[in-house]
Amino acid sequence: MAVALPLLPARTSTAITSTPLFPGNPRTLILEQCKTIKDLSAIHAHLIKTRLFLKPRVAENLLESAAILLPTSMEYAISIFRQLDEPDSPAYNIMIRGFTLKQPPHDALLLYKEMHENHVQPDEFTFSCILKACSRLQALSEGEQIHALIFKCGFGSHGFVKNTLIHMYANCGEVEVARRVFDQMSERNNRTWNSMIAGYTKVGYWEEVVKLFRDMLELDARFDEVTLVSVLTACGRLADLELGEWINRYIEEKGLKGNPTLITSLVDMYAKCGQVDTARQLFDQMGSRDVVAWSAMISGYSQARRCREAIDLFHDMQKANIDPNEVTMVSVLSSCAVLGALETGKWVHFFIKKKRMKLTVTLGTALMDFYAKCGSVESSMEVFEKMPVKNVLSWTVLIQGLASNGQGKRALELFYLILENNVKPNDVTFIGVLSACSHAGLVEEGRDLFVSMSRDFGIEPRIEHYGCMVDILGRAGLIEEAYRFIKNMPIQPNAVIWRTLLASCKVHKNVEIGEESLKQIVILEPTHSGDYILLSNIYASVGRWEDALRVRVAMKEKGIKKPPGCSLIELDGVIHEFFAEDNVHYQSEEIYNAIEDMMKQIKSAGYVPNTAEARLDAEEDDKESSVSHHSEKLAIAFGLINSPPGTTIRITKNLRVCTDCHNATKIVSKVFNREIVVRDRIRFHHFKGGSCSCNDYW
């Protein structure tokens, strides 16, 4: 039984007034000069009156204009189609194309079914059209049936039919089947190669994209701008700068610099290959830039951790009146997260709401991650609750956010909620939940989860999971057990594993295993400054000053330099940067006066400076001054004098917070009645009322 499509009554229309001038073959008039349904209706009426409508080709021209060329006339096209006594395959082809372009492609499949039931013989164009509908619907089963019918009808050798088959299979995720169709073709044109390359691009088979392009070059096959855009994308993902630069030279030689899509792809390729300045030069040379170009450049800065430049460029984008898209927002939020720029990120969130951008999984997860990394975990939870669709990454980001913000037990509860919701955790989820156990001191829970991941979920522990277990044991003071755990690992421990143990040795002042840890690290990564500093601090913490100095001297002899401590604080959307003992800030004099006052007040409240955290080359009389001028203390003082009383102070630090600053900040939070949120290299510390969310366990 034929499928019933909506039937509209023929519209009452006025015949065109200049009937004597109406052409005998109205194809050009219909296809090129009809701009509105009113125009089409007038011509339709005249064709009926003159009986030209009875000629199939004339009727099909009218149908093509309604179904394909005019934007909102599909219902009119259906009414025309239903007026045809016996529509042939070209008429069906036009309607199938129209449904695929303008309406849910499901209607195209229904019409094809009707065509088959009415015994209308399909031609090669029919198969090309209906395969496009299958591709859009990702209707693999129907596509396979049509593939079989193509061979039955004898159209299996038609090149453009095979091109559409390649596209359909690739779009349905069956890229290997698409490749078999491709390999069976004796002749391949540019569209064939592009279809196969597009298929590999869709599923992220970047090596295959590059390999196929090199095959094209060897066979001297013709390629075009569409080919180059896909290959440049692959070069960016693979960091294949050599091929990317070859394409850049080709573009220059062939005078293709005027193609903005190509130049945007070059910008993206250079940025992803780490050549951000080259990408910026190309970006600045573009005559016109659309949202894709702006997003590519902002994303490039964000991925290169040049986050300030990413945010600055986003502001330039706003000034240029270019509305950002989801890719832009994700990159900007990522940059705000790295910088701890809460106010800027909040404005971005407001902008997303104002523009009514859909809260997709990607955008929602980026918002969650931003809030969590700015220490605003409750806001992260709110975004999570409002997301209409969540995936395992969304749950994992929230677990990691809770863990790093000192809410390990809530993170563990959320993990069990994942299981109740039948969401299967992945290896990254287990890194997050093991990290939560580490920060919360949940040793037994951590042991159970480590065993469970392979036993119950079939996830083999990676080096990161072993690192989490070492951290769990080490932070809990089980240094010897952590050492034995490393020695019994089935995979070779890397420098990060030993470094984790070394950090625990510093906290628990275990000199012997600390020395052994550094020996192992030096074999693997001999020039990492933080490792030497950790051992030096271990010696200093137990009063072995000569040994501490010896380690620092060894660093100097080997040319190993410690990265300077740096703290960032955002005020009114501006990021302020402080280094230990620096005086380059325009408010330096006020800041140092505030430091002096702050230190006096917290000493009165019980603070005792830990001079073991001072520079080793500082004289005895200068050690107290040295620790008082650490970068986070400068940032806190800046926050105290530049924000209203009671305002939360948020600081982002590049290194692990030292013991002295941790103790000092606890007392500052109590004396000045401020909540202070510090994000260090490892985790968040929420200081309030004289205590810290980490419970002095970091």
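Trainee: What volume does the largest cavity have?

Mentor: General idea first: rolling a probe the size of a water molecule over the atoms shows where empty space is left. Here a cavity is a set of points, on a 1 Å grid over the protein atoms alone, where a 1.4 Å probe fits but cannot get out; lining residues have an atom within 4 Å of a point. Points are joined across faces, edges and corners, and a volume is the space filled by probe spheres set on the points. In this predicted model, the largest cavity has a volume of about 50 Å³. Searching the whole structure turns up two cavities of 30 Å³ or more.

Trainee: What should I know about the model and its numbering before going on?

Mentor: It's a predicted model, where local features need pLDDT of at least 70 and side-chain atom pairs count only at pLDDT 80 or more, while totals for chains, interfaces and linings use all residues. Residues are numbered from 1 along each chain as its sequence is written, and side-chain values use heavy atoms, with hydrogens and water left out.

Trainee: Which residues line the largest cavity?

Mentor: The lining consists of G340, K373, C374, R650, I651, T652, V677, R679 and F684. Two elements give two or more residues each to that lining: β3 (649–653) and β4 (676–679). The top contributor is β3, with three residues. Those labels are DSSP runs numbered from the N terminus: helices are H or I with at least four residues, strands are E with at least two. By class, the lining has four nonpolar, two polar and three charged residues. For the classes, Ala, Val, Leu, Ile, Met, Phe, Trp, Tyr, Cys and Pro are nonpolar, Asp, Glu, Lys and Arg are charged, and the others, Gly among them, are polar.

Trainee: And what lines the second largest cavity?

Mentor: That cavity holds about 30 Å³ of space, and its lining is F578, D582, H585, S588, I591, Y592 and L634. Helix α33 (residues 588–604) supplies the largest share, three residues. The class count is four nonpolar, two polar and one charged.

Trainee: Take I591 from that list. Is it buried or exposed?

Mentor: Buried means under 20% relative accessible area, exposed means over 50%, and partly exposed is in between, with a 1.4 Å probe and protein chains only. I591, in helix α33, has a relative accessible area of 2%, so it is buried. Contact means heavy atoms within 4.5 Å. Not counting residues up to four places away in sequence, I591 touches F578, H585, L634, A637, F638 and I641.

Trainee: Which side chain does T328 meet in a polar contact?

Mentor: A polar contact is a pair of N or O atoms within 3.5 Å; within protein, one must be able to donate a hydrogen and the other to accept it, and residues adjacent in sequence count only if both atoms are side-chain atoms. The T328 side chain makes one of 2.5 Å with that of S295. T328 sits in helix α19 (residues 326–339) and counts as buried because its relative accessibility is 0%. Beyond neighbours within four places in sequence, T328 is in contact with V291, S295, I298, F314 and M317.

Trainee: How many disulfides does the search find?

Mentor: A disulfide is a pair of cysteine sulfur atoms within 2.5 Å. The whole structure has zero. For C468, the nearest cysteine sulfur is that of C437, 9.3 Å away.

Trainee: Last one: what is the phi of H119?

Mentor: Most residues other than glycine have a negative phi, and most peptide bonds are trans. H119 has a positive phi, near 60°. It lies in the loop between α6 (106–117) and α7 (124–137), and H119 is exposed at 74% relative accessible area. R356 also has a positive phi, near 55°; R356 is in the loop between α20 and α21, and its 76% relative accessibility counts as exposed.

Notes. 1 Å grid on protein atoms, 1.4 Å probe; cavity = no way out; pocket = protein on both sides within 12 Å on 5 of 7 lines; lining within 4 Å.
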